[in-house]
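Please open the model in your viewer and keep the selection tool at hand.

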2 protein chains.
Amino acid sequence: MIIDVHGHYTTAPKALEDWRNRQIAAIKDPAAAPKVSDLKISDDELRETIESNQLKKMLERGIDLTVFSPRASFMAHHIGDYAVSSTWAAICNELCFRVSKLFPDNFIGAAMLPQSPGVDPKTCIAELEKCVKEYGFVGINLNPDPSGGHWTSPPLSDRHWYPIYEKMVELEIPAMIHVSTSCNPCFHTTGAHYLNADTTAFMQCLTSDLFKDFPTLKFLIPHGGGAAPYHWGRFRGLAQELKKPLLKDHLLNNIFFDTCVYHQPGIDLLTKVIPVENVLFASEMIGAVRGIDPETGHHYDDTKRYIEASTILSAEEKKKVYELNARRVFPRLDRALKAKGK
Amino acid sequence: MIIDVHGHYTTAPKALEDWRNRQIAAIKDPAAAPKVSDLKISDDELRETIESNQLKKMLERGIDLTVFSPRASFMAHHIGDYAVSSTWAAICNELCFRVSKLFPDNFIGAAMLPQSPGVDPKTCIAELEKCVKEYGFVGINLNPDPSGGHWTSPPLSDRHWYPIYEKMVELEIPAMIHVSTSCNPCFHTTGAHYLNADTTAFMQCLTSDLFKDFPTLKFLIPHGGGAAPYHWGRFRGLAQELKKPLLKDHLLNNIFFDTCVYHQPGIDLLTKVIPVENVLFASEMIGAVRGIDPETGHHYDDTKRYIEASTILSAEEKKKVYELNARRVFPRLDRALKAKGK
């Protein structure tokens, strides 16, 4: 079985974007705000956007199941206040839930949170609980920088975030650490901000003792861990300077990396440097990089090809990357599969 | 000949730091500011700090010459105003100049600039010209974020920076794009901010047409290019989405990466993915990572060992990485060497 742990609903019907644009336009005039009930998207429309996009590619590539969350760049937590974020998160999560009901064998949800800059993360708990308990979601996306590139929140190791972690531990769900659109002109969203956030999150964990407080907390750092695996020697050396334990003891019971690295040498480095137990298959398609690589003739984001072609991973190790690690990091996913006899 | 293009004076006599602390303390009371002449460091003191540190390691490791600039984390352009930065830059550059005069075969200077947040980069030109024309420096360090982690300056592709570029082209000097200390608690200085800045700078160049305006401008992106080589497929794909030329045509006549990557798999990825003409030997010792890697028994930053052990680079290619590329990217270095018959 092949599980892709990093998929976003990037192809939602246009009505969603139109509704969001009305919501944004109404920030200065709350009376003009659209009602949630103004957004009408039929099951057929949802089916169409999935069958002709993500599901089509999953079938082509041989991916069985995707952990599916709202479009990351559209979370845009910096827009408006908590009420704006809260309404928007609820809408986006519900759409992913509906997709998971329409295609229960192929999609299972992960939640975006109604984060808002300067607002206590505690305010995200109700949406989180609804998504897990009512929608059957198996994870969340946690944005370490709801300001969108200004980095005004405390580091992930700060007690600021602890209410979220307590709930994650209680509900046995991991968080993918995933920023959204950059509104800082220095940072290109998918080319700089995403990767920087991955590296930043990793280093915030490294310098702290967060996982002493939460020994079972699990973070999935996307995009192959940003710069971390490439600079693994640097990070091992920095941990040493800071008198921290070896990275495998200090972080690797809690931090995992996905395989959203879009060329063979990158995947080879990832799988050579990071213990196989910490690598989870993912492609983030249809996402930041949708084209065909002229050097291979295949889509950049067809990451299964790189895993297949790997001479570093044995068949048994590939099974861990494709399935077993995901079942361990997402216990609710494992239980949902087992309940279906899978 | 082996040239290390990335060395900082991290071991300067304590008197320098004391003077700087007095300067910082006096920001609120300019009358209390120390005079430049209060700082007294003898040639013997300089000799001692170099002979027992950088030069010792260079001789041990077989490195002939280091391009030597003021300590990056101490540039701290965010502290005080232009006058503070200007005085500090002049002092730090002069010390590197003195080192280069004391050890003319082993050190040649690169300048820090008197940058200050919100101040026109034009104000850096006088110091830059002095360093090149009077001190014989062969390059500069350009800080894309003088705010120290708040990223309030425009991207490197903005006309804001053009006065520096015009002077660089005129004087035939490259810039290493190097940030300084982070004063944003989200970003650890050497574990996140440095690497993020490398990735950010690369992407700022990718999204722009800067090198159409300056076809001979040369940027050296340190720390192995941040996350760029590891995610080379992503960047090739993003360039394609943005309808830019292939990266080799779009950026690789102007952008170069150093080898400050502190483990063998990272160096192997760098040299496999990036054309050998774009890779310059460097170690940034004695810098962020000073310890001994328990996995190898050698210093993390002894990057020559990784190049030596490379099975990807031929002997001829290693010569390019060690020497020939540096002579091409730093034409004034080449001329200085040739003037000595080297």
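Select helix α9 (residues 232–241) of chain A together with helix α7 (residues 189–207) of chain B: their axes come within 10 Å and cross at roughly 150°, and the two helices are therefore roughly antiparallel to each other. Helices here are DSSP runs of H or I with at least four residues, strands are runs of E with at least two, and both are numbered from the N terminus. The axes are lines fitted to C-alpha atoms, for helices over the stretch in contact, and angles run from 0 to 180 degrees between N-to-C directions. Angles over 145 degrees count as roughly antiparallel, under 35 as roughly parallel, 65 to 115 as roughly perpendicular and the rest as oblique.

Now display the side chains at this crossing. Arg234(A), Phe235(A) and Leu238(A) of α9(A) touch Thr190(B), Gly191(B), Tyr194(B) and Leu195(B) of α7(B), where contact means heavy atoms within 4.5 Å. By class, these residues are four nonpolar, two polar and one charged. Ala, Val, Leu, Ile, Met, Phe, Trp, Tyr, Cys and Pro count as nonpolar, Asp, Glu, Lys and Arg as charged, and the others, Gly among them, as polar.

The model is predicted: local features need pLDDT of at least 70, and side-chain atom pairs count only at pLDDT 80 or more, whereas totals for chains, interfaces and linings use all residues. Residues are numbered from 1 along each chain as its sequence is written, chains are lettered from A and ligands numbered from 1 in the order written, and side-chain values use heavy atoms, without hydrogens and water.

Then select Glu295(A) and Arg236(B), whose side chains meet in a salt bridge (3.6 Å, N to O). Such a bridge is a side-chain nitrogen of Lys or Arg within 4 Å of a carboxyl oxygen of Asp or Glu. Between the two chains the count is four salt bridges.

Finally, select helix α4 (residues 82–102) and helix α5 (residues 125–134) of chain A, which pack at an angle of about 10° with their axes 11 Å apart. These helices are therefore roughly parallel to each other.
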